[in-house]
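Please look over the assembly shown below before reading the report that follows.

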2 protein chains.
Amino acid sequence: MSVQPLTPELLEIIAERFKVLSEPARLRILNALRVDEELSVSELIEKTELGQANLSKHLGLLHGSGFVERRKEGAFVYYSLSNEDVFILCDVMCGRLEKEADERQKILSRS
Amino acid sequence: MSVQPLTPELLEIIAERFKVLSEPARLRILNALRVDEELSVSELIEKTELGQANLSKHLGLLHGSGFVERRKEGAFVYYSLSNEDVFILCDVMCGRLEKEADERQKILSRS
DNA sequence: AAATCAAATTACCGAATAGAAAAAACAGGA
DNA sequence: TCCTGTTTTTTCTATTCGGTAATTTGATTT
């Protein structure tokens, strides 16, 4: 995995991907798919508690940007994660959050 | 760095952070700070080619969410990266992009 | 004190988008 | 074919947010 120079053009593409992950509803969908491997839209409605039309739009976006895969089976459509990279991203973010919490802790304990 | 369970509340916080990174202008700012270590607002205006008020707002957001630090020196304000985690995130994103490009390549070469 | 420079803030506009309701597309029975 | 169930698409409203211009705040200099 070579590291590319971050040109303005590449930064635009990266920002676009971050935007897909910047919505709690979509992260909830991805997380539900991590737990359950593969879920139909109806099942996802229950797991995520999102409205049907709303969920469908989010799934369309997630699929269009390559985060999830779709499989049709009769009238049902099943979605699954393309890969687990998303959660690497979340873990790094969580690492950031932990560090920030530690910093705040230090500042508080000094006073 | 322990991995936390991704509760809906945590996913909201994570989504918020992703949103900060979902804007090309802000990624350009962060990238400029990676190259140059520490820059004043005036210098950042030149490097990023953003308007003054616009840049100031982005910097406020980046600082408020802990991505950059500020240091006042007289009338000048200098900004620097809090840490390089952002670029780990970008690299993972780029890894995703590369994989997707490979997939497309495979599909094309099959036909 | 007045003038100047740096940076932040405010006010406004326009574009993008989440959410919900309704309609449409699609597939499987009866 | 009609009906039912699943999913997508369309349409609408309200909100959010980026960009710009104008103003304000703060610091330095003369």
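Which element gives the most to the surface near DNA strand C?

## Basis of the model

This is a predicted model, in which local features need pLDDT of at least 70 and side-chain atom pairs count only at pLDDT 80 or more, while totals for chains, interfaces and linings use all residues. Residues are numbered from 1 along each chain as its sequence is written, and chains are lettered from A and ligands numbered from 1 in the order in which they are written.

## Surface near DNA strand C

With 6 residues, α4(B) gives the most to this surface; helices (H or I, at least four residues) and strands (E, at least two) are DSSP runs, numbered from the N terminus. At least two residues each also come from α4 (52-64) of chain A and from α3 (41-48) and β3 (76-81) of chain B.

In total, 19 residues surround DNA strand C, and the closest are A:Gly51, A:Ala53, B:Val41, B:Ser42 and B:Ala53, where near means that the C-beta atom, placed from the backbone, lies within 6 Å. By class there are 9 nonpolar, 8 polar and 2 charged residues, with Ala, Val, Leu, Ile, Met, Phe, Trp, Tyr, Cys and Pro counted as nonpolar, Asp, Glu, Lys and Arg as charged, and the others, Gly among them, as polar.

## Contact between the chains

In chain B, 34 residues are in contact (C-beta atoms, placed from the backbone, within 7 Å) with 34 residues of chain A. The side of chain B that touches chain A draws two or more residues from each of α1 (8-20), α2 (24-36) and α5 (85-110) of chain B, and α5(B) supplies the largest share, 13 residues. That side has 19 nonpolar, 5 polar and 10 charged residues.

Definitions and conventions. Two residues are in contact if their C-beta atoms, placed from the backbone, lie within 7 Å.
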